[in-house]
Amino acid sequence: MEGHPLALHDVMFIPALVAQASDEQNKKWLRRAQRREIVGCYAQTELGHGSNLRKLETTATYDVSTQEFVLHTPQITSLKWWPGGLGKSSNYAVVVANMIVKEKHLGPHSFLVQLRDEITHQSLKGITVGDIGPKLSFNAIDNGFLGFDNYRIPRTNLLMRHSRVEPDGTYVKPPHAKINYSAMVRVRSHMATGQGNFLAQALTIAVRYSTVRRQGFIESGEQEVKVLDYQTQQHRLFPSIAKAYAFTFAGYETIRLYEQLLKEVDTGNVSLMADLHALTSGLKSVVTHQTAQGIEQARMACGGHGYSQASYISEIFGVAVGGCTYEGENMVMLLQLARYLVKSVEQIKAGESGKLGPLVAYLAVKVDGVDLEKGVEEYMKAFQHVSRLQTWKASEKFLKLLKSGEKREVAWNKSSVELTRASRLHTRLYIAETFKRSVQEVADPRLKEVLTDLLHLHVNYELLDMATYALEDGFLSSSQLDYVRDQLYFYLAKIRPNAVSLVDSWEFSDMQLRSVLGRRDGNVYENLVAWAKASPLNKTDVLPSVEKYLKPMMNSKL
Ligand SMILES: CCCCCCCC/C=C\CCCCCCCCCCC/C=C/C(=O)SCCNC(=O)CCNC(=O)[C@H](O)C(C)(C)COP(=O)(O)OP(=O)(O)OC[C@H]1O[C@@H](n2cnc3c(N)ncnc32)[C@H](O)[C@@H]1OP(=O)(O)O
Ligand SMILES: Cc1cc2nc3c(=O)[nH]c(=O)nc-3n(C[C@H](O)[C@H](O)[C@H](O)COP(=O)(O)OP(=O)(O)OC[C@H]3O[C@@H](n4cnc5c(N)ncnc54)[C@H](O)[C@@H]3O)c2cc1C
């Protein structure tokens, strides 16, 4: 759970080579990387800049006389800072630097850079590299810093699948300005399934423990109830079970789209890039945020024992919550999706609705009302309505400010909270729709029935959570909301008998979960005692600190 020092080698270094190095370059590097003869990482973020890539300070200046790039970090803030596996494990890195050719700044480009000797593993001359120190989590990964002192690499180490610098310094542009950002888009496409998995782990622990833990009574009786029978406990956990499934389904779709994009880009078609960038930016942000919230609720649902490291939930939280920051800080990424949404509104206003992509076509279609009792399709229309309402409102606010003479960037900043709200609602609609589609495709009738219950729980929970938007313009009445609440409570109770099976179906082993509370055999109490006894503080009855500190204090006459 704490990560692996070579994780970034597989997660970003190799994918960056696959997507950005030419076939000829990959003949030299890829097989070696795959065989782990060389170990690499993805070094982009700097001490002073992570979100705003255009301001990265590391430069790669082309020297036409030697046909080399000179890598340089001119000041402290230019040091690469954060890359996983950079500090101690990697001997190579894909380094993102601002490329300068013939005094022209050509923006961020990726370079393969050797950092350490392949035999001795010592850092090479001109390179300063090390670990950035302990973090909230991921402490088995050596996130590192890296500086260059006019460090030279051959021209051919610029990753040249999509753009090139010829020996004489002629620059051949890529087919899309942001094609060098593909390693990030890849990880973002995988994050919904990855985060769904973290959420699933925490829920497995909390749900299993909630069937072992008995406390209090619902009706007066002989035996105290399992805490999972409380409606509040179900409300805390079951909507997150639905989300863990929903995120996984949405993630499968974005992974498929990324694979399709890779193929299309190789044939020169970059039309999917903007859509996938917008989609994964929003999805990454909503999913990581909701996952962190869900894991924290799972921890609290385990009461005091949830706070113990024996629950292992705090470890899962620490790793998962990193996703709110890495691969693009969540607010920054929501604003990327918002750009796409505002552009879509502008297209509609210009009478070009026909040009809208399938995920935003609903922004042009007004719905007057819904009959929620008819089922999930009507809920989808309600989600569309709230997302459309907020997207139009936020866009109009921005466009009005522009019209009033505000600079574009200032108008954007003044509208940004509303814009991020629109992005979240649009993404939650997407998640609900992929959930619905995925459940429709399930062939096994018994499985389909249980997943349909989860889907119903999800859409009722989500709609209630968005109620302010739906009430704002009278789209939903208060009696419709009462219906949504009743449905929500109905599905909590309906899911209860299947709750343990739903989490067991994820098939985490005890070794994976590392949780005393979430043990498959349910023997929680005896193992909590054994776990406590194994604490280093219990190795001796009397600690050395008693002689050193306590006794002098206790014997003092003051
Ligand atoms: C949970 C685990 C997930 C990992 C799973 C991976 C898969 C492997 C599977 C299993 C293994 C599991 C093992 C797990 C181990 C854990 C691993 C932990 C991984 C952690 C690794 C972390 C790595 C990093 O963080 S790398 C650094 C990431 N950095 C960022 O994300 C920076 C964010 N900033 C940006 O991306 C950009 O600066 C920006 C997009 C915000 C702005 O860029 P800029 O150039 O300034 O562009 P801008 O002017 O705003 O926009 C101009 C137009 O360009 C469009 N655009 C921008 N980006 C893109 C793009 N990528 N594609 C297409 N288009 C793009 C933008 O929309 C604008 O368009 P417009 O039309 O003009 O509006
Ligand atoms: C666990 C972990 C692993 C990482 N691994 C890697 C790696 O392998 N390789 C790598 O290169 N990097 C890595 N990073 C770095 C990571 O990608 C960046 O930290 C991340 O992109 C955020 O950038 P930042 O730190 O500059 O945040 P900042 O941009 O400084 O964010 C600070 C605040 O400013 C706000 N903000 C910034 N810009 C805007 C804006 N335009 N509009 C509105 N608000 C804004 C943010 O929302 C946030 O609230 C990792 C980070 C972590 C935590």
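How many residues surround ligand 1, and which are the closest? The shell has 31 residues, and the closest are Y181, H190, G194, H277 and G328. A residue is near a molecule if its C-beta atom, placed from the backbone, lies within 6 Å of it.

Some ground rules. This is a predicted model, where local features need pLDDT of at least 70, side-chain atom pairs count only at pLDDT 80 or more, and totals for chains, interfaces and linings use all residues. Residues are numbered from 1 along each chain as its sequence is written, while chains are lettered from A and ligands numbered from 1 in the order in which they are written.

Back to ligand 1. Helices α1 (7-20), α3, α5 and α8 each give two or more residues to its shell. Helix α3 gives the most, with seven residues. Helices here are DSSP runs of H or I with at least four residues, strands are E runs of at least two, and both are numbered from the N terminus. By class, the shell around ligand 1 has 13 nonpolar, 14 polar and four charged residues. Ala, Val, Leu, Ile, Met, Phe, Trp, Tyr, Cys and Pro count as nonpolar, Asp, Glu, Lys and Arg as charged, and the others, Gly among them, as polar.

Now the domains. The assignment gives domain 1 (7-174) and domain 2 (184-354 + 387-399 + 422-500). Such bounds come from an automatic or database domain assignment. The centres of domain 1 and domain 2, taken over C-alpha atoms, are separated by 35 Å. Eight residues from domain 1 and nine residues from domain 2 make the contact. Contact means that the C-beta atoms of two residues, placed from the backbone, lie within 7 Å. The side of domain 1 that touches domain 2 has six nonpolar, two polar and no charged residues.

Where does ligand 1 lie? Both domain 1 and domain 2 give residues to its shell, so ligand 1 lies between them.

Next, ligand 2. Here 21 residues form the surroundings, and the closest are Q44, T45, G50, S51 and M331. β1 and α8 (330-349) each supply at least two residues of this shell. α8 gives the most, with three residues. The shell around ligand 2 divides into ten nonpolar, ten polar and one charged. Ligand 2 also has residues of both domains in its shell, so it lies between domain 1 and domain 2.

T45 comes up again in the records. In an unreviewed UniProt entry, the annotation "binding site" covers T45 and G84. They span 40 residues in sequence, yet no two of their C-alpha atoms are more than 10.5 Å apart, so they gather at one spot. A caution: UniProt positions are in the numbering used here, feature names are shortened, and annotations may be inferred rather than shown by experiment.

G84 counts as buried, with 27 C-beta neighbours inside 10 Å. Buried means 20 or more other C-beta atoms within 10 Å of the residue's own, exposed means 12 or fewer, and partly exposed is in between, with C-beta atoms placed from the backbone.

T45 sits in the loop between β1 (40-43) and β2 (59-63). G84 is in the loop between β4 (80-81) and β5 (92-101). Setting aside neighbours within four places in sequence, T45 contacts G50, K80, W81, W82 and P83. On the same terms, G84 contacts A7, L8, C41, I141 and N143.

Now the inside. The largest nonpolar core has 149 residues, and F13, A202, L203, A206, I241 and I295 touch the most other members. A nonpolar core is a set of buried Ala, Val, Leu, Ile, Met, Phe, Trp, Tyr and Cys residues joined through C-beta atoms within 7 Å. Helix α3 (residues 182-212) supplies the largest share of this core, 15 residues.

Last, two backbone angles. Most residues other than glycine have a negative phi. R36 has a positive phi near 60°, and Y312 has one of about 70°. R36 is exposed, with 12 other C-beta atoms within 10 Å. Y312 counts as buried, with 22 C-beta neighbours inside 10 Å. Y312 is in the loop between α6 and α7.
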